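Work through the exercises below with the model open. Each task is followed by a worked solution.

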Amino acid sequence: MANIKAIIMPKWGLEMVEGTLAKWHVAEGQPVDQGQPIMDVETEKIANEVEADVGGVLRRVADEGAVVPVGGLLGVIAAKDASEGDVQNFIKSYRSEAFGRVEALEAKAADEPAPSSAGSYGSAPVAAESSEDDESGSGKRASPRARKLAESLGVDINKVPSDGNRISDRDVQAYFDSLPKDAAPAEDAPAGKVRATPRVKMLAKKLGVDLAEVTGSGNNGRITEGDVKAYADETGGPLNEDVRSTPAVRKLAKELGVDLARVQGSGRNGRITKEDVEAAASAPKAAPAAAVAPSAYVPGVNPHTVEALNSMRKTIARRLTEAKQNIPHIYLTVDVELDRLLARRQKYNAANDVKASVNDFIIKASGLALKHVPKMNVQYHDDGLHFFKHADISMAVSLEGGLITPIIRAADMKTVAEIAVETKDLAARARAGKLKMDEIQGGTFSISNMGMLGIKSFDAVINPPQGAILAVGKGEERIIARNGSPAVATMMTVTLSCDHRAIDGALGARFLEVFKELCEEPLALVL
């Protein structure tokens with residue numbers, strides 16, 4: 001079907017396994033042009049627009065908010081003369097590309113030894129595992145990864161064909177991809193067992209929904225995320241932490257007009273039961289009380305909203321937690337006098353079309369300091385310390401709901417004007433969600449500048465595997481001692497966070513000494 005083009009979840013970076021379809025920019029059935037942005041895709045590290053490869057009419061498959069593995073089908077772009085039957089047949093017969101779930105699992109287990117019939121030193125031959133792997137008695141064995149993938153996809157491992165005696169995860173994926181959409185493998189689920197994917201079960205748990213009470217609208221009665229959300233909405237939404245009840249009880253309360261926040265639960269741990277709701281509904285009504293303004297404070301009740309974590313916030317939480325738990329941080333702080341740098345910047349901007357910020361000068365000074373103290377330009381890895389020739393400096397850019405760190409490559413070799421142009425471009429595209437993966441991966445040193453937010457000083461968390469990050473505070477007038485007399489100077493406090501596994505205190509102090517000298521005698525920054 002050459003007149004129909006699949007829209008798939010792109011693969012941005014080697015570590016990407018899945019992505020979230022954050023937003024569609026084109027409505028179902030609307031025409032699109034080649035190169036037109038059609039959707040936003042969000043991963044753990046980046047959010048970006050995806051453009052149409054060809055022109056045609058958009059037919060959606062995945063809904064906004066869907067988490068789809070790399071290579072998974074998101075929609076199609078069909079020629080205007082393509083029939084609905086052609087489109088549906090294309091969608092049903094679509095097979096995810098080879099770099100989908102299988103590669104993700106294989107990449108995760110890349111360091112594991114490959115199966116071998118010859119056995120290994122100090123262990124029995126692999127053939128001895130037959131009784132453990134072959135749970136079906138079919139004579140075929142399946143690898144642990146194959147069983148895990150089959151479970152996540154709802155595939156009966158006994159039905160998976162293979163070229164040899166051992167079923168691999170690739171065999172499972174191929175079998176799953178070969179199934180038409182109207183023949184979901186969940187049809188063989190035991191009677192009474194809920195037909196739902198692990199992701200749907202997690203959503204149900206989050207919303208306090210009993211899947212046994214939900215009617216599935218998917219293939220062969222499979223419960224979808226939409227079914228769970230619709231049931232939660234119908235029964236009163238997610239369980240409030242202060243109102244312990246089941247969805248069925250909340251539904252009954254809604255029908256009887258009972259406010260659960262005012263019901264005392266008689267069940268275990270204060271859970272509200274069906275009988276509690278019926279009793280509250282039949283209780284005599286109290287005399288009308290004086291009207292209470294909607295904004296009035298009710299003791300014990302603190303209304304709140306819940307905002308789901310996006311992929312970027314989840315990644316920030318995970319990576320920073322790992323950094324603080326695993327990296328022994330050491331903090332070094334110095335004050336830098338900025339008056340000469342500010343004067344040099346004023347002259348520089350007056351003589352150049354490109355206007356440089358103080359942060360651009362700080363990036364340049366950091367790049368030169370890393371060149372003078374090369375042992376600071378380091379990443380810590382399990383196989384050893386990686387030292388780099390050039391300073392690839394990551395600069396922190398604040399976004400709505402998160403933070404991202406685009407990289408100024410070889411900052412030690414660039415002029416302040418070149419850095420100024422690049423930082424403005426990277427920051428603008430970061431906030432527009434248009435950065436490329438290679439623009440945020442691989443930095444050797446980071447700078448986080450919160451001076452423009454009025455922050456005097458702070459300690460930044462290291463961005464692994466980098467060895468250090470420089471936290472920059474605001475430039476402000478302070479009274480200092482100069483030649484034994486008080487004087488007013490513009491001072492800036494910077495704090496260097498170092499990974500003590502890679503950088504000792506003396507090495508960090510040497511870096512700050514060079515950085516401070518470059519800022520206070522800034523001629524070298526503009527030569």
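**Exercise 1: a salt bridge and its burial**

Glu422 and Lys414 join their side chains in a salt bridge, 2.6 Å from N to O. The model is predicted: local features need pLDDT of at least 70, side-chain atom pairs count only at pLDDT 80 or more, and totals for chains, interfaces and linings use all residues. Residues are numbered from 1 along each chain as its sequence is written, and side-chain values use heavy atoms, with hydrogens and water left out.

Task: classify Lys414 as buried or exposed.

Solution. Take the criterion for the pair: a side-chain nitrogen of Lys or Arg within 4 Å of a carboxyl oxygen of Asp or Glu. Next, set the classes: buried is under 20% relative accessible area, exposed over 50%, partly exposed in between (1.4 Å probe, protein chains only). Lys414 has 18%, so Lys414 is buried.

**Exercise 2: the span of H13**

Task: check the end-to-end distance of helix H13, residues 416-431.

Solution. Helices are DSSP runs (H or I, at least four residues), numbered from the N terminus. The expected span is 1.5 Å times one less than the number of residues. For the 16 residues of H13 that gives 22 Å; the end C-alpha atoms are 22 Å apart, so the two agree.

**Exercise 3: a pair within H13**

Task: locate the salt bridge between Arg429 and Asp425.

Solution. Their closest N and O atoms are 3.0 Å apart. Both residues lie in H13, four residues apart, about one turn. An α-helix has 3.6 residues a turn, so residues three or four places apart point the same way. Asp425 is partly exposed, at 37%.

Definitions and conventions
Helices (H or I, at least four residues) and strands (E, at least two) are DSSP runs, numbered from the N terminus.
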